[in-house]
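Hello,

Here is the structure we talked about handing over. My notes on it follow below.

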Amino acid sequence: MKTKRSGSSFNSLNTKRQLESLFLFTTGRCNAKCAMCFYADDMAQKQPDLTFEEIKKLSETAGDFKRLWLSGGEPTLREDLPEILEMFYRNNHITDINFPTNGIMGDRVVDWLKRIRRNCPDSNVSISISLDGFGSTHDTQRGVESFYRAAETLKKIDDNFRDDGHVIKNIATVITKYNVEEILDFVAWSYGRFNVSTHTIEAARGNTREEGVKVLTEKSLKEIQDQIAPYYLLYAKRIGEGMNALGRGLTKFFYVGLMRAMYNIRAQNLEKPSPWNMDCTAGETTLVLDYDGRFRSCELRPPIGNVKDYGCDVKAIMGSEAMKKEIEAIGHGYKANCWCTHGCWIMSSITFNPGKMLSMLIKSNREIKKLNRPIDVSEPILRGLEDKYRLKRDRLQAIGIA
Ligand code: SF4
Ligand code: SF4
């Protein structure tokens, strides 16, 4: 199996603090009911989504930036999403689109990816499919029967974009009380069965729809991270296939280092806020737009205004008194007072703190090297897991993954 990555986002680091990532909550609608959803209360307000015209004004005023992160709600429920992405590509020259989806609408995902590749040819698209565990575990956590559909979506994406270095495939898993016992088996099975570039493991965060789903402690999360460390070396190898020796070495150094550094910071912040040893650049390099136009510096802090009160002008929003006060409240260096477990911001902030980054990456690579061990994902092992967790063989075979 082989997956390529071109124009990698982690080897093109720009450390100037200016808008780099726009997080767009495309819609307040969703076709799942995840127990750990941190956006359920916001969606329950059922406000109208930002219109295409409002998003157009935002795009026209944002200037060039690199990354557009979609969020929601379920992005595939927004019918005009392809036009929105094409607009950001044209107006803002985005180079990375991060497209998370619960994978329920597989044909639409594949059709839209084809369209994005045709009309936004120089942009990478990182497509993240949510898969939280084996079969019924996934379905229970997601509140809808969707395990086989999400798995099929992943397979279809791989069939259609296997040799397209601009389509980066990812599995995203959130750890809760439902899947914590099977997470190590699930990481092994996912690596063996899907040709993805990475598998991110998030701890449930924010105010979850269902109370009591957050069960991890710093110690238990660290144990899981240590156990799954060898898979990151395997993923690095998979990403590096087809590159020369230097490319493979750099990919491994940055990929493994960043993943481990992010996981370390996350574990340290799970039970109580703990300094990241670098600035969080929320509000300086990131802007979050809620589906109804409220805006924030990051996904976890409260809204500080509404884009409609600023004429949907991103430059005015980024330079606003509200944003300045927010950045002050977050703080910098030793005076900072806001820390969390959010992987997107940890990862983004690492790249904007170059002085700290190198030492973090070296330390993380050393740790992972010590934790490495042989991994067996041979066919009998994978089949054994499918039997253990009572997956339906006929469904897996129909999808083409077993
Ligand atoms: S976590 Fe995502 S997919 Fe699940 S309910 Fe929330 S918005 Fe929908
Ligand atoms: S530390 Fe977390 S909650 Fe605080 S500003 Fe940064 S991303 Fe937001």
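Fold and overall shape

In the protein chain, 81% of the contacts between residues at least 6 apart in sequence join residues at least 24 apart. Please keep in mind that this is a predicted model.

The chain has 15 helices and nine strands. Its radius of gyration is 20 Å, close to the 21 Å that the globule rule gives for 402 residues, so the chain is as compact as a globular protein of that length. Along the principal axes, the C-alpha atoms fill a box of roughly 60 × 45 × 45 Å. Of the 402 residues, 46% are buried.

Strand β4

Strand β4 covers residues 124–130, and seven of the seven are buried, so the strand is largely enclosed by the rest of the structure. In a regular strand the side chains alternate between the two faces of the sheet. Here N124, S126, S128 and S130 point one way, while V125, I127 and I129 point the other way. Strand β3 (residues 96–101) runs parallel to β4 and is joined to it by six bridges. T101 stands opposite I129 of β4.

Helices α7 and α8

The axes of α7 (residues 183–193) and α8 (residues 218–240) come within 10 Å and cross at roughly 5 degrees. An angle under 35 degrees counts as roughly parallel, so α7 is roughly parallel to α8. On the α7 side the contact is made by I183, L184, V187 and Y191, and on the α8 side by I224, Q227, I228, Y231 and L234. These residues divide into eight nonpolar, one polar and no charged.

Regards

Notes:
Residues are numbered from 1 along each chain as its sequence is written. Chains are lettered from A and ligands numbered from 1 in the order in which they are written. This is a predicted model: local features need pLDDT of at least 70, side-chain atom pairs count only at pLDDT 80 or more; totals for chains, interfaces and linings use all residues. Helices (H or I, at least four residues) and strands (E, at least two) are DSSP runs, numbered from the N terminus. The radius of gyration is taken over C-alpha atoms; the globule rule is 2.2 Å times the number of residues to the power 0.38. A residue is buried if 20 or more other C-beta atoms lie within 10 Å of its own, exposed if 12 or fewer, and partly exposed in between; C-beta atoms are placed from the backbone. Two residues are in contact if their C-beta atoms, placed from the backbone, lie within 7 Å. Axes are lines fitted to C-alpha atoms, for helices over the stretch in contact, and angles run from 0 to 180 degrees between N-to-C directions. Angles under 35 degrees count as roughly parallel, over 145 as roughly antiparallel, 65 to 115 as roughly perpendicular and the rest as oblique. Ala, Val, Leu, Ile, Met, Phe, Trp, Tyr, Cys and Pro count as nonpolar, Asp, Glu, Lys and Arg as charged, and the others, Gly among them, as polar. Two strands pair if DSSP finds at least two bridges between them.
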